[in-house]
Amino acid sequence: MCRSIKTLRPPTTPEVTDEDIRAAALQYVRKVSGFRAPAAHNREVFDQAVDAVAAATQELLDGLQIRGSAARRHTHS
């Protein structure tokens, strides 16, 4: 699917920033929509989708329990 989206789950990526999450969300929305940059009339819905995917990604990462890890190490920038 989206080969350029990197794994954000610890310990694969020990420190995940909001920028990492936003970049992954943007790549996903670009892939699904087929637009690298949407036209002006699609900008609002495109940006809303990126926000929604970023929020869902953050929720997923916050909820994951990683075996053998005493504490999760993500950084919310």
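This is a predicted model: local features need pLDDT of at least 70, side-chain atom pairs count only at pLDDT 80 or more; totals for chains, interfaces and linings use all residues.
Select Asp20, Ile21, Ala24, Ala25 and Val29 in helix H1: these residues are buried. Now look down the axis of H1. Its buried residues fall within an arc of 165°, so they line one face of the helix.

Next, select all of H1, residues 18-33. The helix has 16 residues. From first C-alpha to last, H1 reaches 22 Å, close to the 22 Å expected at 1.5 Å a residue.

Step just past the end of H1. Glycine 34 sits there, with a positive phi of about 80°.

What do the buried residues of H1 pack against? Select residues 43-63. This is helix H2, and the buried residues of H1 pack against it.

Stay in H2 and pick out threonine 57. Is threonine 57 buried or exposed? Its relative accessible area is 18%, under the 20% cut-off, so threonine 57 counts as buried. Now show its contacts. Beyond its neighbours within four places in sequence, threonine 57 touches Leu8 and Ile21. Ile21 was in the opening selection, among the buried residues of H1.

Finally, zoom out to the whole protein chain. Its secondary structure comes to two helices and zero strands. Of its 77 residues, 25% count as buried. Last, consider contacts between residues at least 6 apart in sequence: 56% of them join residues at least 24 apart.

Key:
Residues are numbered from 1 along each chain as its sequence is written. Side-chain values use heavy atoms; hydrogens and water are left out. Helices (H or I, at least four residues) and strands (E, at least two) are DSSP runs, numbered from the N terminus. Buried means under 20% relative accessible area, exposed over 50%, partly exposed in between (1.4 Å probe, protein chains only). Contact means heavy atoms within 4.5 Å. The expected span of a helix is 1.5 Å times one less than its number of residues. The arc is that of the directions from the helix axis to the C-beta atoms.
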